Structure formats: structure tokens, C-alpha cells
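Please keep the sequence and the model at hand while reading.

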Amino acid sequence: MTAANRFLRGKSMSMDFVNRIKKEMAEGIVRAILEDAGYRVIDSGIEKVLRELSCLSHAEYSALGYPDALSRLPDFTVMNREQNEKFLVEVKYRSDWGRAIFDEVRDQAKIFGELTLVSINAGAQSLHAFDSPSLFIRGCRLRFQGDQYQLHQRSKRGDAISFDWVSVDTLEDESSLWWSMTPLHEIFSKVGERRDSQTLQKAVACINGILR
């Protein structure tokens, strides 16, 4: 192996490690927010259910031949305390968020029918003079309706908020797309019930201080 190849391999391994740390921390932040609001958060991702897999390379994991559906299990199953409401939740951290994130979870939405994507966007730019939690943490519902991959898109005019199912394939990769994602408290209603809670603000502080 040449010196250049060793350098590139070392850089790749370092990036993989950094990305893994960011993913773990992003999942931890989302878990803390939801648990603080009273939700039950259950690990369902294959790397959490079978922890021994985390030490394998991609090639070693592929050689095991796990079914595709098992390898695409979402990060969390989230239920309310009464256990009559559930969400299949996939968490994604990005410093450069864009439309491509929907393509990454397309197969998951197709396998499970509907998926809740929670995104942490460390590179989000504020439209105001202050940073609210929804600047960095937003989510959306994704589903397959027949053969069409759809996003439950949020729009706001004045004080009126509305949602429409739109085809993901028609979406433009532009900055306004982030703002058509939904603040977390509008997906998980219990997050917004505790007006005295500073969980979201503390989560933003963690994102600013650690994940950037």
C-alpha cells in the first residue's frame, strides 16, 4: 500500500468514526427530547438490536446475508404512554441538509409503509434574529401511496398552517424545503405540552456546542 493510499484509507476511517459519533449523539438528543415529553422510545435499529454488528466492516456485514427489511429497521419505535399511538422514527444528522436525505430513506418508507424522519440540520440559517429549536430540529412523515413516494409537507400563511401529501420526486432542492419540514412539537404533540420545559433549547445548545 502506497503512502497516499494509507493516507486516504486513514482519512476515510477517521470520517466514518466522526460520522458515527455524530449519528449516535443526534439519536441521543432526539431520544432525550421525546423521553422528556413522556414518550416511550424503543431502540429498533439493527445495530442496536444486534450490537455485535457495530464492529463489522460493510463487507463483513453484507456477507452475513441479513434480509433487506431487517437491515433497514428505523432507529426508534416511539409510542405515547398509553401505547395507542406509534411512530417509526429515523434520525439523520446533516451539516449540509438537502433533498437527497429523502432518497436515503426511500426504501425504509417503502418497506414499512410510513416513516417519520427527524432531521438535525447543523447548518441551518436563521430567518430571524434569534435561534429557535425548530431552526435546527425538524421532521416529516413519509409514505408510499401506491407507487408514489410522498412527503407530508407543511405550509404556513399568516397564522394558518396546512399539510398536503406531495410527491417527493417533484420537490426542488432549495433552501425553502427545510422550512417545509415540520417543527418537532407539531409531530409529537406531547413535546409542546410542557411549556415549562427547556428541553428543546438545551438540545439546540448541544447541537451548537458539539455537533457542528
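Are Tyr-39 and Phe-87 buried or exposed? Both residues are buried, where buried means under 20% relative accessible area, exposed over 50%, and partly exposed in between (1.4 Å probe, protein chains only).

The model is a predicted one, in which local features need pLDDT of at least 70, side-chain atom pairs count only at pLDDT 80 or more, and totals for chains, interfaces and linings use all residues. Residues are numbered from 1 along each chain as its sequence is written, and side-chain values use heavy atoms, with hydrogens and water left out.

**Overall make-up**

- The secondary structure consists of 10 helices and 8 strands; helices (H or I, at least four residues) and strands (E, at least two) are DSSP runs, numbered from the N terminus.
- Of the 212 residues in the protein, 40% are buried.
- Among contacts with a separation of 6 or more, 65% are between residues 24 or more positions apart, a contact being heavy atoms within 4.5 Å.

**Aromatic rings**

- The structure contains 6 aromatic pairs; rings of Phe, Tyr and Trp (its six-membered ring) pair if their centres lie within 6.5 Å, and planes under 30 degrees apart count as stacked, over 60 as edge-to-face and the rest as tilted.
- With ring centres 6.4 Å apart and planes at 80 degrees, Tyr-39 and Phe-87 form an edge-to-face pair.
- Tyr-39 belongs to the loop between H1 and strand E1 (40-43), and Phe-87 to strand E3 (residues 86-94), so their pairing ties together parts 48 residues apart in sequence.
- Trp-97 and Phe-102 are also edge-to-face, their ring centres being 5.8 Å apart and their planes at 85 degrees; Trp-97 is buried at a relative accessible area of 11%, and Phe-102 is buried at 0%.
- Tyr-39, Phe-87 and Phe-188 are linked into a cluster by ring pairs.
- Arg-143 places its charged end over the ring of Trp-165, 3.9 Å from the ring centre; a charge sits over a ring if NZ of Lys or CZ of Arg is within 6 Å of the ring centre and within 35 degrees of the ring normal.

**Salt bridges**

- There are 14 salt bridges, each defined as a side-chain nitrogen of Lys or Arg within 4 Å of a carboxyl oxygen of Asp or Glu.
- One of them joins Asp-75 and Lys-23, whose closest N and O atoms are 3.3 Å apart.
- Because Asp-75 lies in the loop between helix H4 (68-71) and strand E2 (76-79) and Lys-23 in helix H1, this bridge ties together parts 52 residues apart in sequence.
- Asp-75 is buried at 4% relative accessibility, whereas Lys-23 is partly exposed at 30%.
- Glu-35 and Arg-31 form a salt bridge at 3.0 Å, N to O; the two residues are 4 residues apart in helix H1, about one helical turn.
- Asp-169 and Arg-106 meet in a salt bridge at 2.7 Å, N to O. This pair links distant parts of the chain, with Asp-169 in the loop between strand E7 (160-167) and helix H8 (176-179) and Arg-106 in helix H6 (residues 106-112), 63 residues apart.
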